[in-house]
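Trainee: I'm new to this one. Can we walk through a few spots together?

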Amino acid sequence: MKHTITFAQAINEAFKEEMRKNKNIFHFGEDIRFNNIDTTKGLAEEFGVDRVMHAPISEGSFINAAIGASMMGLRPIIEIFYSDFLLLACDSIISEAATWRYVHGPEFKLPMVIRAANTGAGTGSGAYHAKYVESTFLHYPGIKVIYPSTPYDAKGLMKTAINDNNPIIFFEEKLLYGTYEEVPNSEYTIPFGKGIIRQEGKDVTIVAWGNAQLKCKEAATRLSKEGISAELIDPRTLMPFDIDLVSQSVKKTGRLIIVEDGNKRGGFGAEISAMITEDCFQYLKAPILRVAGEDIPIPSGLYGEKFTLPSIDNIVKNVIWLLKRFGN
């Protein structure tokens, strides 16, 4: 049996199911008892204010508090209301949370989920509330970076994250909160490091995550009308990353395009490109292309945003160009 829920409701269900099973799990964030997003709806009413707590407007301080709680055996879930604000807690996340187990030994655990809520652009929020910062944290070992694209994945990956013994950053794109999908009534989890082929194809491999994956799905539909068969891969998790799945696809298609809404310079797409070049250069029939955000701050307003982010048209044009130029 299945039921249909939104991306936000999927995360909420994951919280409730895991918090009912484990009293050591608690939620900590700014105004989480009163915000109007379904992710935390009903948590305080069911689990009480001792397990669903407001945090001060000081990201570094409450990340540090969560690290201390985690060291003592609790399992904190921390909400950063806009992913941009992760940068205010970089020292706490990178210097402390990411290094703790390596420095002190594997017998120590540091279970904590940092929710990068309201990630990305799409609502005209401007430069301070619309950044894509996942590549920043992928640079530092010791942190797992999760980036779901669908409600099914959001719930399954969140349940896995809550039960993991390492610090995790869980990105939730604001444009995905209202998307909906059927999920099982029974409990399920999704392992980290296992991507999924969203659509099989033979001409070109397209890798994307988050809302960019939805744009690629529409682009693939348009491309099919041009006689182009695109294989869509959703990595689900960026660290660990399922390089084997991408390599297998590239060996089949011979071509790779990586689509990300974040800035092109220094983006994770460059790392994927390097990994594929090292792993299966001899199978490539064409140069690897990256379709990404412009290297400028995201402007306020929907009008300005559309000039900074890759569009469905951009994706389609790049695929068609690649096939025409390197189609043999």
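Trainee: Where is the place of Pro56?
Mentor: Pro56 sits in the loop between strand E3 (52-54) and helix H3 (59-71). Helices (H or I, at least four residues) and strands (E, at least two) are DSSP runs, numbered from the N terminus. This is a predicted model: local features need pLDDT of at least 70, side-chain atom pairs count only at pLDDT 80 or more, and totals for chains, interfaces and linings use all residues. Residues are numbered from 1 along each chain as its sequence is written, and side-chain values use heavy atoms, with hydrogens and water left out.

Trainee: How does Pro56 count for accessibility?
Mentor: Pro56 counts as partly exposed, because its relative accessibility is 45%. Buried means under 20% relative accessible area, exposed over 50%, partly exposed in between (1.4 Å probe, protein chains only).

Trainee: And which residues is Pro56 in contact with?
Mentor: Glu30, Ser61 and Phe62, leaving aside neighbours within four places in sequence. Contact means heavy atoms within 4.5 Å.

Trainee: New topic. Is Lys155 buried or exposed?
Mentor: Lys155 is buried, with a relative accessible area of 1%. Lys155 lies in helix H7 (residues 151-163).

Trainee: What does the side chain of Lys155 make a polar contact with?
Mentor: The side chain of Glu13, at 2.7 Å. A polar contact is a pair of N or O atoms within 3.5 Å; within protein, one must be able to donate a hydrogen and the other to accept it, and residues adjacent in sequence count only if both atoms are side-chain atoms. Lys155 also touches other residues, among them Ala10, Pro184 and Tyr188.

Trainee: How many disulfides does the structure hold?
Mentor: It holds 0 disulfides (pairs of cysteine sulfur atoms within 2.5 Å). For Cys216, the nearest cysteine sulfur is that of Cys280, 19 Å away. Cys216 is buried, at 0% relative accessible area.

Trainee: Now strand E11. Why is it largely enclosed by the rest of the structure?
Mentor: Because 5 of the 5 residues of E11 (residues 230-234) are buried. In a regular strand the side chains alternate between the two faces of the sheet. Both faces of E11 are covered, with Ala230, Leu232 and Asp234 buried on one side and Glu231 and Ile233 on the other.

Trainee: Which strands pair with E11?
Mentor: Strand E9 (residues 196-199) pairs with E11 in the antiparallel sense over 3 bridges, and Gln199 stands opposite Leu232. Strand E10 (residues 204-208) runs parallel to E11, joined by 4 bridges. Two strands pair if DSSP finds at least two bridges between them.
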